[in-house]
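User: I'd like to learn how to read a structure like this one. Could you walk me through a few of its features?

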Amino acid sequence: MGELTPSAAPPWLAPLVTRPDAVKSAYRRRVPAEVLAALSAANATAAMTGARRDAAVLVLFSGPADGAPGTLPEDADLLVTVRASTLRHHAGQAAFPGGAADPGDDGPVHTALREATEETGIDATRLHPLATLERMFIPPSGFHVVPVLSYSPDPGPVAVVDSSETALVARVPVRAFVNPENRIMVYRRENTRRSAGPAFLLNEMVVWGFTGQIIAAMLDVAGWAQPWDTDNVRELSDAMAVLDSQGSYGDAQL
């Protein structure tokens, strides 16, 4: 479960597999300087106090085995979950499946696959781990997270396994993330508009924070991103209210 097989990547994922370090660079370019400074300070504090914990998330793309670099297949999708609203950290937030490393895990790939299986019921034997992206620190959970880029031509069924942990599991069309009409900037009320980061207003979820930043960076690196209105800045609760007012979470603009 811990082995990387980059040769299993379809051509349309090649830019991400061959340049995994570019994703973190693209991520950092979009994070305001004050937020980067706060992250660095929190990371240093967590290191001094021993509060940092290893974790991994599964970044699973599904779609055809053919295609061309920079060209996104119409039926490509990305596995995303929504965390249960009762959780202590990141409650109600859209996320990649994943979590903290267990003592018996054989590295971040093993952690990501194990956690994804526990959260979504996915059959890990159908997946091809392709590359690990650079480790990133996420306060306030204190996780040092390794995103594990993976691919499957057909991952099979997925669903919520434990409703106390996960509210929703969805294979979201990648074109929904690419669509400029679905892209906004989001900040939390206790921060300022200057700290806003890229987010996606989709059916059943607002994807923001760490997950939104990683997806935005991958769209840039893969060559899929389209120009969008970065001046469309909303406070998080206002963005969530838009979903609520449309019933369930509204309809994705595909």
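Predicted model: local features only at pLDDT ≥ 70, side-chain atom pairs only at ≥ 80, totals over all residues.

User: Which residues is alanine 112 in contact with, leaving aside its neighbours within four places in sequence?

Analyst: Contact means heavy atoms within 4.5 Å. By that rule alanine 112 touches Ala56, Val57, Leu58 and Val148. Alanine 55 is 57 residues away in sequence, yet its C-alpha is 7.9 Å from that of alanine 112.

User: Where in the fold is alanine 112 found?

Analyst: Helices (H or I, at least four residues) and strands (E, at least two) are DSSP runs, numbered from the N terminus. Alanine 112 is in helix α4, residues 108-120. The expected span of a helix is 1.5 Å times one less than its number of residues. α4, with 13 residues, reaches 18 Å from first C-alpha to last, close to the 18 Å expected. After α4 comes glycine 121, with a positive phi near 75°.

User: Is α4 mostly covered or mostly open?

Analyst: Mostly covered: ten of its 13 residues are buried, among them Val109, Leu113 and Ala116. The elements covering these buried residues include β1, β2, β4 (98-100), β5 (128-132), β7 and β8.

User: How do I read strand pairing, and which strands does β2 pair with?

Analyst: Two strands pair if DSSP finds at least two bridges between them. Strand β2 (residues 77-83) has six of its seven residues buried, so the rest of the structure largely encloses it. Its partners are:
- β1 (residues 53-62), antiparallel, with two bridges; here serine 62 partners aspartate 77.
- β8 (residues 166-173), antiparallel, with seven bridges; here valine 80 partners alanine 170.
- β3 (residues 94-95), antiparallel, with two bridges; here threonine 81 stands opposite alanine 95.

User: How many aromatic pairs are there?

Analyst: Rings of Phe, Tyr and Trp (its six-membered ring) pair if their centres lie within 6.5 Å; planes under 30 degrees apart count as stacked, over 60 as edge-to-face and the rest as tilted. That rule gives six aromatic pairs. In one of them, tryptophan 12 and phenylalanine 61 have ring centres 6.4 Å apart and planes at 85°, so the pair is edge-to-face. Tryptophan 12 lies in the segment before α1 (14-18) and phenylalanine 61 in strand β1, so the pair ties together parts 49 residues apart in sequence. Both tryptophan 12 and phenylalanine 61 are buried.

Tryptophan 12 also pairs edge-to-face with tyrosine 151, at 6.2 Å centre to centre and 80° between the planes. Tyrosine 151 is in strand β7 (residues 143-152), 139 residues from tryptophan 12. Ring pairs link Trp12, Phe61, Tyr151 and Trp224 into a cluster.

User: What does the pLDDT average for this protein?

Analyst: pLDDT is the predictor's confidence in each residue, from 0 to 100. The protein averages 85, and 82% of the residues score at least 70.

How values were computed. Residues numbered from 1 in each chain as written. Heavy atoms only, no water. Buried < 20%, exposed > 50% of the residue type's maximum accessible area, 1.4 Å probe, protein only.
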